[in-house]
Amino acid sequence: MAKIETPRPVRGTQDMLGGTAEAFQERFAHVVATFDRVRKLYGFQRVEVPVFESTAVFARSLGESTDVVSKEMYTFEDRGGDSITLRPEFTAGISRAYITEGWQQYAPLKVATHGPLFRYERPQKGRFRQFHQLDAEILGAGEPAADVELLVLADQLLRELGVSEGVTLNLNTLGDAESREAWRAALIAHFEAHRGELSEESIDRLAKNPLRILDSKDPRDRPIADSAPDIDAYLTDEARSFFDKVTSGLDAAGVAWERNSRLVRGLDYYRHTAFEFITDRLGAQGTVLGGGRYDGLIENLGGPSTPAVGWAAGIERLAMLIDQPAIDKPQVVLIPMGEAAEAKATGIIADLRRAGIACDMGYRGNMKKRMQRANASGAAWAIILGDDELTRGEAAVRNLGTGEQQAVALDALIGTVTAL
């Protein structure tokens with residue numbers, strides 16, 4: 001008979017067991033709990049959106065020319081013939097819900113969420129094909145104060161997680177529509193003059209998404225991108241004033257920032273503030289939190305003209321920066337020898353657990369092997385129960401650190417162990 005081949009795990013996903021899973025989950029849960037606590041301080045409501053949406057939600061939001069839409073989305077046709085996509089990010093779904101669920105009546109609306117996202121991309125440190133993000137958005141607020149509030153929220157989150165050391169806020173402005181259009185035209189002219197020196201990917205972007213050439217990693221593009229004009233020369237007075245209010249607000253709140261005039265967002269609906277919190281502790285993929293203002297997105301999805309700003313942060317990446325927590329260990333291990341002892345131990349271990357004591361009990365092995373497993377578990381105490389102990393109505397309680405042992409009456413066992 002032919003051997004049945006077991007399907008392999010999908011690349012970019014994780015299986016975890018035991019201490020590894022517990023350590024990760026402890027850090028993961030700490031990130032989420034800290035986010036929930038901090039976002040409540042700022043008045044951000046919890047929001048939930050589906051894990052999958054109509055493909056058009058993401059295609060219109062992220063742009064057909066972006067890598068996410070053209071290369072990374074998990075898209076499939078469902079049984080009704082509709083094109084469905086697993087969400088690669090939160091903002092598009094939240095913006096869709098803002099329109100279809102009538103949330104405009106609550107504007108300005110401050111919302112936050114977290115959960116799994118899916119992208120078909122090359123897995124690397126801190127980046128998986130199924131991953132998780134925190135997300136915070138303010139919809140219906142066009143004032144610079146909204147940008148400041150989101151950035152201060154992000155800064156406080158990183159501080160309270162204890163990961164702010166070595167993290168720098170990089171900040172830029174993309175200007176208003178008029179500023180951006182003038183800068184875009186100047187960039188196209190600059191890149192066209194150097195077309196023959198650009199990489200193939202950047203030549204393709206020149207027609208579809210020229211701002212993206214500025215953050216190209218191809219060494220052929222870097223000298224041309226580095227010599228491209230900055231947006232500052234094209235900012236309108238209104239756009240300059242907006243950015244000044246954002247930076248002065250950050251200064252007033254005590255949030256340190258650095259200007260990065262090469263930090264861009266390629267799509268036309270992005271306006272004004274763009275930002276990334278970058279760490280020096282994760283190698284090449286150093287962004288732990290990023291976002292910006294997207295005043296044209298909701299209009300792009302068929303809604304009314306609505307200013308909005310938001311950010312997202314990778315939970316796995318944040319969890320990687322947090323100190324390793326202590327692994328939970330059992331406090332007590334039961335070692336019953338014989339059927340009668342096992343029956344009695346089943347009741348004892350249930351009572352101990354109900355009393356809030358973490359404990360474990362092996363299912364097989366002789367006394368020596370069970371003691372070896374008890375010592376390896378990291379437990380502080382072992383309760384040994386055999387036929388002789390049952391006859392005397394007691395159990396042997398051994399300190400696994402010192403080896404000292406005492407006999408304890410069965411009816412006093414729970415109280416004695418709880419006191420220990």
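**Exercise 1.** Keep in mind that this is a predicted model. Work out which residues are linked with Glu53 in a network of salt bridges, and decide whether Glu53 is buried or exposed.

*Solution.* Start with the network: Glu53, Arg96 and Glu101 are linked by salt bridges. Next, zoom in on Glu53 and Arg96, whose side chains meet at 2.8 Å, N to O. Now place them: Glu53 sits in strand S2 (residues 52–54) and Arg96 in helix H4 (residues 91–100), so the pair ties together parts 43 residues apart in sequence. Last, check accessibility against the 20% cut-off for buried. Glu53 has 7% relative accessibility, so it counts as buried; Arg96, with 17%, is buried as well.

**Exercise 2.** Find the salt-bridge partner of Arg37 and say how many residues separate the two.

*Solution.* The partner is Glu160, with the closest N and O atoms 2.5 Å apart. Arg37 belongs to helix H1 (residues 18–41) and Glu160 to helix H5 (residues 144–161), which puts them 123 residues apart. Arg37 is partly exposed at 42% relative accessibility, and Glu160 is partly exposed at 31%.

**Exercise 3.** Identify the edge strands of the five-stranded open sheet.

*Solution.* Write down the order first: S13-S12-S14-S15-S16, with mixed pairing. Then look at the ends: S13 (359–361) and S16 (405–409) each have a single partner strand, so one side of each is left without a neighbour in the sheet. For S16, five bridges join this strand to S15 (residues 394–399), and the two run antiparallel.

Conventions
Residues numbered from 1 in each chain as written. Predicted model: local features only at pLDDT ≥ 70, side-chain atom pairs only at ≥ 80, totals over all residues. Heavy atoms only, no water. Pairing = 2+ DSSP bridges. Helix = DSSP H or I, 4+ residues; strand = E, 2+ residues; numbered from the N terminus. Salt bridge = Lys/Arg side-chain N within 4 Å of Asp/Glu carboxyl O. Buried < 20%, exposed > 50% of the residue type's maximum accessible area, 1.4 Å probe, protein only.
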